[in-house]
Amino acid sequence: MREAVAEYVGSARGVLCSPEQVIVVAGIQHGLDLAIRVLVDAGDTVCLEDPCHPIVNAMFRALPANVVAAPVDERGLDVAAARRRCSRPRLIYVTPAHQFPLGSMMTMSRRLALLAWAADSGAWIFEDDYDSEYRYEGRPIPALQGIDGSGSVIFSGSFSKVLLPTLRLGYLIVPPELVDTFAAARQMTDGHSSVLDQAVLCDFLTAATLPDTSGGCARSMQLAFMRCRAHSPAGWPATWSSHRRSRESPRSSGSSGL
Ligand SMILES: Cc1ncc(COP(=O)(O)O)c(C=O)c1O
């Protein structure tokens, strides 16, 4: 599974990694929880996009850490403004491929500025790559992780969007020096993801990748997913956010940061 994921993120997202750097998790939410446990101590400063996903916002706000919310516009995180608000962050959370909820893509100049900020300040970047696979035209923009020269990026992806959110499988790509710590944290929290689900997904990834010499693995998965959806009952599979929205009261959504 880790080999298949390394191959997939390399061809579909331009991520540079070995299979050893892949930590299989139950989705990005779980990956972020692990990253917070491993990297953030009480009193640290963390920087996150404002607005961001309400659950991500809540996860950070629950920490005994200083949370700095930095503005986002149509070019992604405003890195200069973030730097002014926060000189020595421990962790910076971003959604460069598809900002949630604004939908913008971080420009190359901001990506380079963000990587320079992390390298200068010794911060870790958590790259949430949720919903990076779908584009109306052109190929998805490669991941921040692939252009990072200082090993500061923890890349996080998910099969929730290209397959289905109830599968609960995703991955972290962590820098080599963090592999053992993340693997130990994964072991301590819930051991591992379902081996059966991983075996099926691994077969699928391998089969989807093998005949594909054009690097369009994500496209093959999208097509398979769309075929699945065409044959499934109306409204299935429900997304995490639509589930959440239907349960939320108007009052609680007001304080969600959106
Ligand atoms: C930006 C963002 N990050 C993470 C998640 C959660 O992803 P996963 O299902 O992989 O835990 C979502 C789900 O909607 C999301 O929108």
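**A friendly note on this predicted model**

1. Helices (H or I, at least four residues) and strands (E, at least two) are DSSP runs, numbered from the N terminus. Residues are numbered from 1 along each chain as its sequence is written. This is a predicted model, in which local features need pLDDT of at least 70 and side-chain atom pairs count only at pLDDT 80 or more, while totals for chains, interfaces and linings use all residues.

2. A residue is buried with 20 or more other C-beta atoms within 10 Å of its own, exposed with 12 or fewer, and partly exposed in between, with C-beta atoms placed from the backbone. Of the 258 residues of the protein chain, 39% count as buried.

3. Which residues does Arg 90 touch? Leaving out residues up to four places away in sequence, they are Leu 39, Val 40, Asp 44, Thr 45, Val 46, Ala 123 and Trp 124. Contact means that the C-beta atoms of two residues, placed from the backbone, lie within 7 Å. Thr 45 is 45 residues from Arg 90 along the chain, yet their C-alpha atoms are separated by 5.7 Å.

4. Now for the sheet. Eight strands form an open sheet with mixed pairing, in the order β1-β8-β7-β6-β5-β2-β3-β4. β1 (22-25) and β4 (76-77) are at the edges with a single partner strand each, so one side of each has no neighbour in the sheet. Strand β2 (residues 45-50) pairs with β5 in the parallel sense over three bridges, and Val 46 stands opposite Leu 91 in β5. Two strands pair if DSSP finds at least two bridges between them.

5. Next, a pair of helices. Helix α2 (residues 28-39) packs against helix α6 (residues 179-190) at an angle of about 115 degrees, with the axes 10 Å apart. Axes are lines fitted to C-alpha atoms, for helices over the stretch in contact, and angles run from 0 to 180 degrees between N-to-C directions. The contact is made by Leu 34, Arg 37 and Val 38 of α2, together with Thr 181, Phe 182, Ala 185, Arg 186 and Thr 189 of α6.

6. Last, the ligand. Of the 14 residues around the ligand, Gly 27, Gln 29, Phe 100, Ser 158 and Ser 160 come nearest. To be near, a residue needs its C-beta atom, placed from the backbone, within 6 Å of the molecule. α2 and α9 (240-247) each supply at least two residues of this shell.
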